[in-house]
Amino acid sequence: MSENATALHEDSARQLLQRLALDLRWSWNHAADELWAQIEPELWARTHNPWVVLQTVSHQRLSALLEQPQFRAQIESLVSVAHSAVDAPAWFQQAHADSALRCVAYFSMEFMLSEALPIYAGGLGNVAGDQLKAASDLGAPVVGVGLLYQQGYFRQSIALDGSQQALFPYNDPGQLPLTPLRRPDGQLLRVQLHTPGYSLWLRGWQVNVGRLRLLLLDSNDVANYPIYRGITGELYGGGSELRLQQELVLGIGGWRLLTELGLKPDVCHLNEGHAALVILERARAFMQASGQSFEAALAVTRSGNIFTTHTAVPAGFDRFSTDLMELYFGNYARNELHISLDELLALGRQNPADRSEPFNMAYLAMRGSAIINGVSRLHGEVSRRIFQPLFPRWPQREVPVTHVTNGVHTPSWDSAASDELWTAACGKDRWMGTLESIGAKLNTIDDARIWSSRSTARAQLLAYTRKHLGLQLEAMGAPPEEREAIRHLFSPDALTLGFARRFATYKRPNLLLSNPERLVRLLTNPTRPVQLILAGKAHPADEPGQELIRSWVRFVRRADVRPHAVFLADYDMLLTEQLVQGVDVWINTPRRPWEACGTSGMKVLVNGGLNLSELDGWWAEAYTPEVGWALGDGREHGESAEWDQIEAQALLDLLEQQVIPEFYERDSQSIPRAWVRRIRRSMATLTAAYSANRSVREYVEHCYLPAAAAHQERARNGGERGTQIVNWRAALAYNWPSLRFGAITVETRDGQHHWRVPVHLGALSFQSVTVELYADTPGQGDPVRLPLTHTSQPGQSSGDHLYVGSVAADRSASEYTARIVPSFPGVSVPLEAAYILWQH
């Protein structure tokens, strides 16, 4: 081969390498791991960032590798496989080829996709990242929208006394796996927002995530006023004004970025209320395109908005003062939306007339969306209670909040040993379809292989723990003898417990530490030893959370505890992967019902780890005695210190009397058969059910498809339906006070209650309402809603109407109450019209 041809071949190979490195598919498809490790082994092991590996490697080193035919062939094979994965029809293309859904814009304040892109803090980002990856696997037409933080969330170091130190390393875009967005002429794509005093310029970036892309905005543009350059500096840092600025960038800037790219989403999915401002901007864009009023435009566009709430307590919602909202949105309301500031603020208040009430982003999200969901079955119930004040006189059961329980992207969290096990049972592409048969297939794997897989993963975790702790203790300035003792830390055959999460008082990380001497006895039992690995961060402003960390660090540094328990600093995605792959039991102790879902325990499922958790979040619906252990009685006890003590004792009892004995009960082959049965049942029944594959398919079929169809219907003819809805709501508002019931009669015969319900509707047409019977008797199942039939009778006065109907007399007629509720084709009630009148 000539010198020029060789150079050309090498340049082509470099380009293919860059393409691989810039596609985050490598973060869950580990086929390329060996490739990156060959280039820069130590850097790859430390960062798991192939783009940094390519940016760092010397030209001589890379050229030498590219001269090797085997290395080039490996690159070409990986690129070919990646292309095939993207081009092949996926689940969505096969199941919904004829659907109207073209684009879903998924807005989130954070995305946890890879440690190479540290723009996440915890659970919210975990859900967003895993759903984006699963959407790529399934071929769902989703585009992510988020922020590129210069520093992101803080990194943690731990001092010898247990004090947490918060560090904020700079995210250099040149070393992150992303590329700047450019216009067709090569100019950098920048979005302009008008903020008090100055224009705000936002730079656009793109991250490739398999079939999909994540779009990011950052404010660190040299054209910006200096203080504005830091708007996207730190995730969840600063005060109220910075948070509002970030949400303005995400919602309004995010929609404008989509517009600049020519994307026209059918559906906007708001992952928490942080993204609620996109509701205003989407309506403004429709106003501009159609000439409709803001109210009519909102009636049209809300039909394509979905709001997922992750908050389990009202105090968790973002609220902003009237003065701050006026500063940033006064001109926007008057000049862009053509409404008064008070009209805008009314969308975010329980009482629109109360100027002292702060603006609540979750309320805006509720009033600007068509589907609202919590993130577990229990959280759906909690959310209906939280949002009840927006729907006065409506039963709590009918508050319009459903649920889609979160799931995790299993290929991102399985160990190599687990992957081999699942591949043997179900094939390599097992997570790409509908998952119906994988549980049954797993049952074909024998006990010995399952136990061997667990033992391998546990040993790998312990090796990682020793290495991580060694570096940590050296950085802490620990004595040499303490660092030397790490070589003998832990046994690969001992029961290994994991506890890792954000340290906050409601998560009760000190529950296990409530009786330290009893815990020490469990850890140090010579015949049935237990080892404990802890990790977690407390927000820099959360002093009680940091004190919880200090108490655990003091405990694990005791001489008698040190060989059996460790606290690993800087809980991040890489550390999470190691923990969920290797621990035998994952412990979770939140105060019910404050854990909206809690996905950390889901990550151990694919690896054969078991859960011991409070009956809260996802575990409240997943738990059965065959798959793990439950803490609590399934009720709420508030912040009762007495109940905390009861559960603390119950936790240690479970460990001592059930968990530890079952792990160490071995047969003649040294296999704990009862333990393996529990592993098998957990893996087979829960892994698929609590996967992001399932949750994304649920979002597509129950949320995205109906929302896209509804939006297209309302947007027809320039949004004519929006005007009709506005007029209908105006008629309701004007006439509702005059509605009343007449003398209701009921006759019981032939096993039926026969009802005659006269009502006065005033100037309202009978098509504007539904008159129905409602019964909700405790202990008798779901509520009964029976729409009555409108009928005419001679001599009726204007505005008087008669409704009739019959219902089985299997309950007393006195248990039924008549009521009048709004009705309009395709409109969600009470979400879009919360009026209700009950029979006195």
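**Close-up views of a predicted model**

**View 1. Strands β16 and β17 pair side by side in the parallel sense.** Strand β16 (residues 530-535) and strand β17 pair in the parallel sense over four bridges, where two strands count as paired if DSSP finds at least two bridges between them. Helices (H or I, at least four residues) and strands (E, at least two) are DSSP runs, numbered from the N terminus. This is a predicted model, in which local features need pLDDT of at least 70, side-chain atom pairs count only at pLDDT 80 or more, and totals for chains, interfaces and linings use all residues. Residues are numbered from 1 along each chain as its sequence is written, and side-chain values use heavy atoms, with hydrogens and water left out. Which residue of β17 is the bridge partner of Ile533? The partner is Val566.

**View 2. The side chains of strand β17 are buried.** In β17 (residues 565-568), Ala565 and Phe567 point one way while Val566 and Leu568 point the other way, and all are buried, meaning under 20% relative accessible area with a 1.4 Å probe and protein chains only. In a regular strand the side chains alternate between the two faces of the sheet.

**View 3. Phe490 has a positive phi.** Phe490, in the loop between α20 (480-484) and β15 (495-500), has a phi near 70 degrees, a positive value in a residue other than glycine. At 9% relative accessibility, Phe490 counts as buried.

View 4. The peptide bond from Arg592 to Pro593 is cis, with omega near 5 degrees, and Pro593 is found in the loop between β18 (585-588) and α24 (600-603).

Notes: Buried < 20%, exposed > 50% of the residue type's maximum accessible area, 1.4 Å probe, protein only.
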